[in-house]
Amino acid sequence: MRAPTRSRDRLRRLATGAGSALLALLLLIWSLLPVYNMLLIALDPEEGEVEFAGNLWPPEPSLQSFVEVVTQDARYLENFWQQFGNSLVIGVATTVLTVAIGSLASFAVGHLRLGKGRLLTNTALLTYAIPASFLIVPYYRIVHAYGLSDTLWGVVAAQVAFATPFAVLILQLYARLIPAELDDAARVDGASPVQVYLRIYLPVMTPALAVAALYALLLAWNDYLYQAVLLLPRHATFGMTQGNLFADTDAEWNAMMAAGIIYVLPPIVLLLALRRHVAASLAMVSAGV
Amino acid sequence: MSTRQLLAVSSPLPASGPARPLRRGRLRRADLAWGVAFVAPYAAVLLAFVLYPFGYALWLARTPALYSELVGDPLYLPTLLNTLLFVGLGVNVKMFLALLLSGFFLSRRWWIRALLAIYLLPWLIAAAQAGVSFHWMLIDQRGLIDGLLSALFGVEGPLWLNDRALAVGANIVAYVWKWMPFWTVIFLAARMTIPREIYDAATVDGATGVRRFLHVTLPLLANLYLVCTLLSTLWTLGDFTTVYLVSMGAPTGHSHVLATLGFRYAFDSGRPALGVAAVMSVLPILIPLAIVLMRRFQLSEVRL
């Protein structure tokens, strides 16, 4: 009686293993194909050949286009590092401002017993009733009125405005899960709200702040529309340059793809740095929803 | 860390005794001032960069004539249909696959954990670069996809971006590729909080595989799944970059979604008001969605 069951079990385990391996292979191809396409074009030393040659492998793979990008030798990428810097400024400023503004607001609502806390969460959610891209036309005009046209700050303001509601949401959800006695104790001891915010709230909320920071950076990093509309070429980011040159067969696409690969690095660095915090707080928050 | 350090920096006022209620009352008024000061930056940003542009948009799109012009445009109705397909298929396929895959990535085997790192890559690649790469894979008949098709199967691939259905499909696939990892991480985090004992109990009761998923995992994740789907629907309606860079509206503007059609009216045809009207025409769908989302959040607040 036992032998057939055991062999059936083994068969089932074998099938599960094979299924997992097959799924893993499919996911590997799925995830890497567009990345491989970027590499394929970037590794070709002859500009503009691979993407129209139907090759599956660069005939003479070379890192020349990466060198061209790094030394700013490629056509249209003479200011690559400046453009990279502009993206970094937008990304870092968006991240810092989102975390600061979002945490101040959630702290006020949750811990200073400022009533109408629900109102804050609700306005945060209502902001998402209007996707950011839908507001580009009025935003374009308003930025002129504010004197921020063709500045990185005009772009940063838009990113902060659309990242902060999510930050507030995450912080509120996370704050519900940590005990409030902590800052009550501190308050009785006579600490000012600023001290409680800096010394208790921020350290305790670090995991949720990490999620908000990662979200803000990726929002700014993913943005193409606001940069393309609000910035003139002299303040261009690389994403803009790439999009603008789309129809231009003159552009060196191997260098463009190489630059695109370099552009992936900042979000990867941030994710690796914040990995543990992100995992911890996502688990807590999603359990609470 | 906290309390002792705070004591050191705080004022020497006694923290206990009959003085307490008084201090509390005084603090409450001071708290209000602090609270307002702390919320002020958020309120200012919201007012200046979301509500004001939104009001401006409504004002720009106020003329009824704009909407009859929209409906008269042969591109508008196809664009609505494309948007419906892009959002409806894109969001649901992405969320459902993310939910299933989160179970796969729960495994502790080393090669599955390594795979997760690679699987997350699309999330970290900027939308513009991802879109450009997809565009180059599909362009002409010598992109990577058609190259693979002819090398592996000897099939001559189609001109992907010359056919409306294929172009809309390409946009959806690129969108799913870019955003599925993010939601997989969310569901993975949620699954990790489900106590092992619940599954053990289910196994004892004879529930395995599909039945365990249907009767244990799904009910526990249902509210999160709904909230995420609603949020993602709202975000996806505003997705401009994918469609703008993958299909660019090809063939001849027939794969546009509202976000890209509005952009085209506003910046290519120089009709800003028409562009705003195009996107604002889905407001009757957006607002109820946001309200349902708000309700779900409050519901979960009550349950906690």
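A residue is called buried here if 20 or more other C-beta atoms lie within 10 Å of its own, exposed if 12 or fewer do, and partly exposed in between, with C-beta atoms placed from the backbone. The model is predicted, so local features need pLDDT of at least 70 and side-chain atom pairs count only at pLDDT 80 or more, while totals for chains, interfaces and linings use all residues. Residues are numbered from 1 along each chain as its sequence is written, and chains are lettered from A, with ligands numbered from 1, in the order in which they are written.

Start by selecting Thr237(A), which sits in the loop between helix H10 (225-230) and helix H11 (238-244) of chain A; helices are DSSP runs of H or I with at least four residues, numbered from the N terminus. Thr237(A) counts as buried because it has 30 C-beta neighbours inside 10 Å. Beyond its neighbours within four places in sequence, Thr237(A) is in contact (C-beta atoms, placed from the backbone, within 7 Å) with Gln83(A), Asn86(A), Ser87(A), Ile90(A) and Gln227(A). The C-alpha atom of Gln227(A), 10 residues away along the chain, is separated from that of Thr237(A) by 7.4 Å.

Of its 181 residues, Ala105(A), Ala167(A), Ile170(A), Ala212(A), Tyr215(A) and Ala216(A) touch the most other members. Helix H9 (residues 193-222) of chain A gives the most to this core, with 19 residues. Domain 1 and domain 2 of chain A both give residues to the core, so it lies between them. Zoom in on Tyr215(A), whose contacts, leaving aside neighbours within four places in sequence, are Ala163(A), Phe166(A) and Ala167(A).

Then turn to chain B, where 87 residues are in contact with 82 residues of chain A. Helix H2 (residues 20-60) of chain B gives the most to chain B's side, with 17 residues.

Finally, select helix H7 (residues 127-138) of chain B, whose end C-alpha atoms are 17 Å apart. Because 12 of the 12 residues of H7(B) are buried, the helix is largely enclosed by the rest of the structure. Just after H7(B), Asp140(B) takes a positive phi of about 60°.

Technical notes: A nonpolar core is a set of buried Ala, Val, Leu, Ile, Met, Phe, Trp, Tyr and Cys residues joined through C-beta atoms within 7 Å. Helices (H or I, at least four residues) and strands (E, at least two) are DSSP runs, numbered from the N terminus. Domain bounds come from an automatic or database domain assignment. Two residues are in contact if their C-beta atoms, placed from the backbone, lie within 7 Å. The expected span of a helix is 1.5 Å times one less than its number of residues.
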